[in-house]
Structures are given as structure tokens and as C-alpha cells.
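Thank you for making the time this morning.

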Amino acid sequence: MMRLSRRHVLAILAAGTALVFAPEAQAQKPIKIGSFLSITGPASFLGDPEAKTLRLYVDKINKEGGILGRQLELVIYDSAGDAKQATTFARRLIEEDEVDIIIGGSTTGETMAVVPIVMEEEIPFISLAGANVIVEPVKKWVFKMPHSDRMAVEKAYEDMKKRNLTNVAIIGGSGGYDQSCRKEAHAVAPKWGIKIVADETYAPTDTDMSPQLTKIKNTPGVQAIFGCGFGAPTSITARNWSQLGMTNISFYFNHGVASQQFIDGAGGGAEGIRLPVPALLVAEQLPPGDPQREVSLNYIKAYREAYNQPVSGFGGHAYDGLHIALEAIKRAGGTDKAKVRDEIEKTTRFIGTDGIYNMSPEDHMGLSLDSFKMVEVRNNTWKLIE
Amino acid sequence: MAEFLQFLLSGITVGAIYALVGLGFSIIYNASHVINFAQGEFVMLGGMGTVFLMAAGLPLIVAMPLAICVVVAVGLILEKLAVEPARDATVVTLIIITIGASIFIRGAVEVTLGKDFHRLPGFSGDEPILIGGAALQRQSLWIIGALIVVVAGLKWFFDHTRLGKAVLATSHNRIAAQLVGIEVRTILLVSFGLSAGLGALAGILTAPITLTKYDIGIMLGLKGFAAAILGGLGSGFGAVAGGIVLGVIEAMAAGYVSSAYKDAVAFVIILGVLFFMPSGLFGAKGAERV
């Protein structure tokens, strides 16, 4: 108690000082948004653009006058991909920073570690991580933005079925993300009439996947390969696939490789590879009537102007999360946690960079299969093929 | 048969990479019995440096030596600022210092050059060479060629130059070396500069295959170290043999056993070898250091 009361005294002092110097700015408490993201570490390719996106839009909205006449205050911690740190930061956000909502958790591991805390503390939490387990079964206070890996697999299978490719080999890393994707790839295969004829693994640090691919090449009847993974190993796999002259076997990947780095890293070897991507990556190619076109183009422009870097789909998750949260706060007329939670759950036809969200008490993600766009790598860039 | 050949070629490619990185450990080890855990970071700096110099518009032929010079400078600075002040400390302390240095270098690159992965184009194109139905990456030939040159160069350096002999003498008995007039401090400085340069060369030659990233040094350093241990620390030929053996075992295990357990198979074999031959396949026997 001693610690708390001292904090309160400090807070009152600080507030008092602020009142003296800036009476009108303190007229209303800011809306506090808390976040923990993997800004550094192995998952930094997720957390870095997410953090940049949150900062960019919180600044922007504050300059435009804030929400409900209140300014936004953003507190971000770097959990560096570590689930233990994520729980520490989640507690700090709730107990010390007293935030109104948490948007964060770049990886599934961090998200799942934090779930029990937000359930206990009853605070709305919008996760930016991918796996189904986050929202299945539905957890009262937990929502998630990105498409799940199961949807990516199903989208790819849908395309394979269209092309009559039913005998599929899987190749993926031994890391958690890859394994979760692999599990889904096995689980939904029967639903789409797909037969898994081979399943090969590589370590995340491997530098040559030719042995695994050679095994797939020599598997009788294989018509397509489905790759699970992200980062450098996927580029190497793509390059080995074309070097081994396997381009007669169609290669699909999950959306983890949806970045220009994947294409560049493969050094021309990724030509012809297909994958489902968020609309954001092919915004310019979307037909003018597509509802996601404008949202995506605006986000790309704002991000480029602020950071002089190309966008990634991951930053888009943060864009969607922040705006869904703010819309809900607007509708709730304040930051009452239970009301905000109810309003997030009622999100309908929210057009984000990841798709069109329709949440419900049964669905805390709200995206459908058609929010993914199928693309093929052609001339070192993505070509929309629908 | 084509399948076996493909596994073999893949194994040799990967093994040559491990070997080239593993060689870098031998020089500093020979000079001081310190295992330099920042060796992987020298490798990473070589690759990343070349990527960024080329992005700045320099051709490969200029970017490569320039990057090597930069990394040599980093190696010298590391020795001067971190290792030399602690030269009277135990070997374990020095090893810990190199671990600290590796974390520092990695962090500095992460902050300044970013977290993305990059690729250098293959030196003589990216089209593979087909041998009996199996594909060999052209870049592998560059790596194997460099391996031969470096091993021969190191052998000549340690056996036939005054400086090389002085390095070996220092490693055997520092005080005796000092008594016969060897400047012990310069020896360590030279060895850090040399192995930094060698690491950088390895990083540049392997970047078209492994890709490069701020943290690639952890993996390459570890596998290179495993190769050096397997072959016998301090022996150039041993590092090469260790690397190739490790690479081929991994490829064969992935091809014929299970790709999920290939690393486990490789490590079991390394442990087995070290159990019966503690100083590696070609290492000097431990008894000589009394």
C-alpha cells in the first residue's frame, strides 16, 4: 500500500503542476492505449512496423483533435518476442500505467501468455498475432486482428483445387509458427480433398533445403508443394526449388512470406510461387470499386511519408487494431472497459487493411476467407491472380 | 543415384560454408587458446558490409576488399579495447569478453543497418550446374576454391613465416616466447586482425547461399565452431574435414533418415567422435601441453 500511495501522491502532484501550467489540456484525461510488441529480437519484423504504425496514427489522431475530445496516450513496451517479458509488461500496463485497452502481442506465444492476465483483470485486449488458438475457443476479453494460419492454408487449398492439384507435399521449419501452419495444413486437407503425400522439415538456421526438396521431387505423384514459414529459410527454399528444376511442381506458401524481402532473398528463384496475401500488398492492383483499396492506399501513403519505408502486412494489423479500438471507444462514449469490449464485439463492416471485419460473440476475429487475395510472384513482384 | 549425388553435393556445399567459418576460429585459438565467440559476428559483418557498400553503388570487386578492411579494423579495435586490457586474465575470462563483444556487435548492426535479411548475387550467376541429375550451386565452387587457398595459406603462414611461427610459439609458452624476443602483444593483435579478415571473407562468399542478416553470425559461428571442434581446434585441415563431414552428415540424415531429426543425428555423431577422440579428428593431442 505504501508504494501505491506514494505513486498517488506523485500523480496528484504531477496533475496539479500540469493544471497550473496548462489548464485546458488537462481538462480531460487522455485515453490510454497500452501495447507490448516484439520490436527487437527474432520477431522484430512483426513488432517494428506494428510499433511504427501505432505511433504514426496516435500522433495523427492527436493532431486532428483526438477522440471524443480527449487526446490519446500511447505506452509501448518492447517484449522482444519473449513470452515472460510480455506478461511482465502486460501487468505493468494494467497496474502501473492504468491503460484503457491493450493492443499488442506480435507473436502467438506472447499473446497466449498474456491472455490469463487480461481475463483476470477484465481489460479489452486486441492481439496482433496469427494462430487460431487465440480466439478459439472465444475468450471474453480477447480479440485478434490478422487472418489465422488456417485461413491461409484454406485459401491456398482453394486455389489448388481450382487447378486440380490434389497431391500435396508440405515443407516447413521446426519453429512454432511453421509448426502451427503445418498442423492446420494437415487438419483441413480432407475438407478440400487434398492428400498430403510428403512432409519435410528444416531447422530455422538451415542454409540449404535441397535434400528435403529432393525427397519431395522423388515422391511419386506429388503435384504441389505447400510451404510453411517466414524469413530467410523460405527464400532459400524457393531458390533451391527453382535450382533443382522443380518448377513443374507448383509451389504455394502461407502468408508469412508476404514481403519483398522474400522475393529479393530468393534471387529470382521465387518466380511462379503463389500465396495468399492481405489486400494491402496488392492495393494498387485492386479494382477501383474494391472497398479495401482506399483504406490500404491511404495507409501505404501515410507510412511511406512518415518512415520512408515500404509497408508490410504486419503494420496493417496494428492499423486495424487501433482503429477498431477507437471506433469502439467512440461508440461506447468513453473508456468504460466492459462497454468498450461489448462495442469491439459488435464491430461490423469495419474496412481495414486486412479485410472487412464482422465480429460477433462467436467470432472474435471477424475476417472471412475472401479477405485474402491470391497472388503469384511475377517479375519479382506480386501479381493479383483473381 | 541422382538422389544420393544431390544429397552429397548439398552436404558439401553446406559443409564448405561451415568449414570456411570454422577456419576463422583456428588463428586466434592458435595464438592464445581463446575461442573467439565473436567470430560469427566477423562473418556477419563481412556479408552485411558488402551488401550495404553495394547498395551504395560500389561494384562487388570494390565493395568486397573494402568490407574486409572494415572488418579487420573492427577486429583490431576489439583486440585493443576489450581483449588487451584483460590480457593477464584467464582464458575463460577472455572467452567471456568475446561473447560480450559478439552481443555488442550484433546489437550495433541491428540498430544501424536494420533487421532485414539481404542477399548478394552469386559471383558467377545463380544458374546451378547440373551433374548427373543433381544440381550444384556455382557459388559452392567459389567457397571450395577459397577453402583450398585459405588452408594452404594458413599452413604456409604457420610453418614458413616468422610471424606464423611466433604465433605458434606464443600459444605454446607465452613467457618463453617473450624471452626469445617475440612481441607477445603484437601477436594477439595480428591474430585478431587476420581472423577478422578471414571471417569477413567467409561472410561475403557465403552470403549468396545463406543470405545475411544481423544475427546470422550466431548460427554460422555455432556450426563453424562445431566443425572446428569435430576436426580438431587449431588445425586448418581439421576445420575443413570437420565442416565437410558435418555438412554431409546433415544432408544424408535429412535425405535418408528424417529431416526433422537431422540436427540431432549430426550432434550425436559429433558427441560420439569427441568421446573417443577428445581433440577431434585431426587435432593435436592434448598431452603436449604439460
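Which residue forms a salt bridge with A:Arg341, and how far apart are the closest N and O atoms? The partner is A:Glu345, and the closest N and O atoms of the two are 3.1 Å apart. Please keep in mind, here and throughout, that this is a predicted model. Both residues belong to helix 12 of chain A, which covers residues 337-345, and they sit 4 residues apart, about one turn of the helix. Both A:Arg341 and A:Glu345 are buried.

Over all chains, the count comes to 32 salt bridges by the rule used here. Another one in chain A joins A:Glu200 to A:Lys215, with 3.6 Å between the closest N and O atoms. Because A:Glu200 is in strand 7 and A:Lys215 is in helix 7 of chain A, this pair ties together parts that lie 15 residues apart in sequence.

In chain B, the side chains of B:Glu84 and B:Lys80 meet in a salt bridge, at 3.2 Å from N to O. Here B:Glu84 is buried, with a relative accessible area of 8%, while B:Lys80, with 43%, is partly exposed.

Let me turn to the contact between the chains. The size of an interface is often given as the accessible area lost when the parts come together. For chain A and chain B the buried area is about 2500 Å², and carbon and sulfur atoms give 52% of that. On the side of chain A, the residues that lose the most area to chain B are A:Thr207, A:Gln243 and A:Gln261, which together make up 25% of what that side buries. In terms of residues, the contact takes 31 from chain A and 29 from chain B.

What polar and charged pairs cross this interface? There are 13 residue pairs in polar contact between chain A and chain B, and the rule finds 2 salt bridges across the interface. B:Lys115 and A:Asp48 meet through their side chains in a salt bridge, at 3.7 Å from N to O. Several elements of chain A each supply at least two residues to the side that touches chain B, among them helix 2, strand 7 and helix 7, but helix 8 of chain A gives the most, with 6 residues. There is also a network of salt bridges that links A:Asp206 with B:Lys223, B:Glu250, B:Lys262 and B:Asp263.

Now to the loop. A:Gly334 is found between helix 11 and helix 12 of chain A, and it counts as buried because its relative accessibility is 11%. Leaving aside residues up to four places away in sequence, A:Gly334 touches A:Leu68, A:Ile329 and A:Val340. A:Leu68 is 266 residues away from A:Gly334 in sequence, yet the C-alpha atoms of the two are 7.6 Å apart in space.

Key:
Residues are numbered from 1 along each chain as its sequence is written. Chains are lettered from A and ligands numbered from 1 in the order in which they are written. This is a predicted model: local features need pLDDT of at least 70, side-chain atom pairs count only at pLDDT 80 or more; totals for chains, interfaces and linings use all residues. Side-chain values use heavy atoms; hydrogens and water are left out. Contact means heavy atoms within 4.5 Å. Buried area is the accessible area (1.4 Å probe) that two parts lose on being put together, summed over both. A salt bridge is a side-chain nitrogen of Lys or Arg within 4 Å of a carboxyl oxygen of Asp or Glu. A polar contact is a pair of N or O atoms within 3.5 Å; within protein, one must be able to donate a hydrogen and the other to accept it, and residues adjacent in sequence count only if both atoms are side-chain atoms. Buried means under 20% relative accessible area, exposed over 50%, partly exposed in between (1.4 Å probe, protein chains only).
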